[in-house]
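Here are my notes on the model, as numbered points. Please read them with the structure open.

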Amino acid sequence: MYEREEDKNLNQKVLWELNIWQRYNYRHPDRNKKRVKKYRVEHLEICKERVGNWRRNNPGYQKDWAKNNKEKTKQYTKKWRENNPEKVYLMTKRWRENNRDKRNIVARRYNGTPRGRQNKINATHRRRMLLKDIIILGTHTFLEWEKLRRDWNFICLGCGVQEPAVKLVQDHIIPLSRGGSDVIDNIQPLCHSCNSIKRDKIIDYRIRW
Ligand SMILES: [Zn+2]
């Protein structure tokens, strides 16, 4: 066998030294690819076993290859994960069960970030609304909320006090309990006290500014 990468540099003289199959493969790379593919589909078990044996006899090769082909490995992994969602779910579940300590550390670290905290608040909110048979329409991302706060210069639209003197919370202009949606257009930054004064009234503080 010869390396496909070197094919491009082969001249006629070298070509002459190849055996008949190698020459055929060189002249018809597409046909050869098709043939190999067909063989693999028809002899799946044998191929798997051969690959397995080869990997056992050459330990470390796969790891080295992955190290030298990081981008490709990333793409393969991504594709595999997309095509095998059940396996990914089971693997993740098993990992969590076997690495409870690590998982707790990861979860605690995530819950400590602004994004994690917001996520927790949103989840609680959703659960509460669900108990009242209120279906929340639409959604917004953490980044959209970050942008909204930045666009309003981190002030409470009710009293005009800026962070960090107050802590801003997401206020639904039309409350969820009155059919408002969770999209970013229905959200305004308010401090805790302004938010509790507003309660479930429909007040758009944005028009004041
Ligand atoms: Zn306020």
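1. Helix α8. Helix α8 covers residues 100-112, 13 residues in total. At 1.5 Å a residue it should span 18 Å, and its end C-alpha atoms are 18 Å apart, so the two agree. The expected span is 1.5 Å times one less than the number of residues. Helices here are DSSP runs of H or I with at least four residues, strands are runs of E with at least two, and both are numbered from the N terminus. α8 is hardly covered: its count of buried residues is 0. Buried means 20 or more other C-beta atoms within 10 Å of the residue's own; exposed means 12 or fewer; partly exposed lies in between; C-beta atoms are placed from the backbone.

2. Ground rules. This is a predicted model: local features need pLDDT of at least 70, side-chain atom pairs count only at pLDDT 80 or more, and totals for chains, interfaces and linings use all residues. Residues are numbered from 1 along each chain as its sequence is written.

3. Confidence. pLDDT is the predictor's confidence in each residue, from 0 to 100. The protein averages 88, and 92% of the residues score at least 70. Among the elements, β2 has the highest mean pLDDT, 96. Helix α1 (residues 12-17) has the lowest, 64.

4. Overall layout. The protein has 11 helices and 2 strands. Along the sequence the pattern is α-α-α-α-α-α-α-α-α-α-β-β-α. The radius of gyration is 30 Å, well over the 17 Å that the globule rule gives for 209 residues, so the protein is more spread out than a compact globule. That radius is taken over C-alpha atoms, and the rule is 2.2 Å times the number of residues to the power 0.38. The C-alpha trace spans about 90 × 40 × 30 Å along its principal axes. Buried residues make up 7% of the 209 residues.

5. Helix α6. How far does α6 reach from its first C-alpha to its last? This helix, residues 70-83, has 14 residues and reaches 20 Å, close to the 20 Å expected. α6 is hardly covered as well, with a buried count of 0. Lys 79 is found in α6. It is exposed, because 10 other C-beta atoms lie within 10 Å. The C-alpha atoms of Lys 79 and Pro 29 are separated by 26 Å, and the two residues are 50 apart along the chain.

6. The strand pair. Strands β1 (residues 168-172) and β2 run antiparallel and are joined by 5 bridges. Two strands pair if DSSP finds at least two bridges between them. Asp 171 stands opposite Gln 188 in β2. Gln 170 stands opposite Pro 189. β1 is mostly covered, with 4 of its 5 residues buried. β2 (residues 187-191) also has 4 of 5 residues buried, so it is largely enclosed by the rest of the structure.

7. The core. Which residues form the largest nonpolar core? There are 7: Cys 156, Leu 157, Val 166, Leu 168, Leu 190, Cys 191 and Cys 194. Such a core is a set of buried Ala, Val, Leu, Ile, Met, Phe, Trp, Tyr and Cys residues joined through C-beta atoms within 7 Å. Leaving aside neighbours within four places in sequence, Leu 168 is in contact with residues including Arg 149, Phe 154, Cys 156 and Leu 190. Contact means C-beta atoms, placed from the backbone, within 7 Å.

8. Backbone points to check. Most residues other than glycine have a negative phi, and most peptide bonds are trans. The peptide bond from Glu 163 to Pro 164 is cis, with omega near 5 degrees. Pro 164 lies in the loop between α10 (142-151) and β1. Asn 153 is in the loop between α10 and β1, and its phi is positive, near 60 degrees. Asn 153 counts as exposed because it has 10 C-beta neighbours inside 10 Å. Arg 199 has a positive phi of about 50 degrees and lies in the segment after α11. With 8 C-beta neighbours inside 10 Å, Arg 199 counts as exposed.

9. The last segment. Trp 209 is found in the segment after α11 (192-198). It counts as exposed, with 10 C-beta neighbours inside 10 Å. The C-alpha atoms of Trp 209 and Gln 118 are separated by 26 Å.

Note on methods. Contact = placed C-beta atoms within 7 Å.
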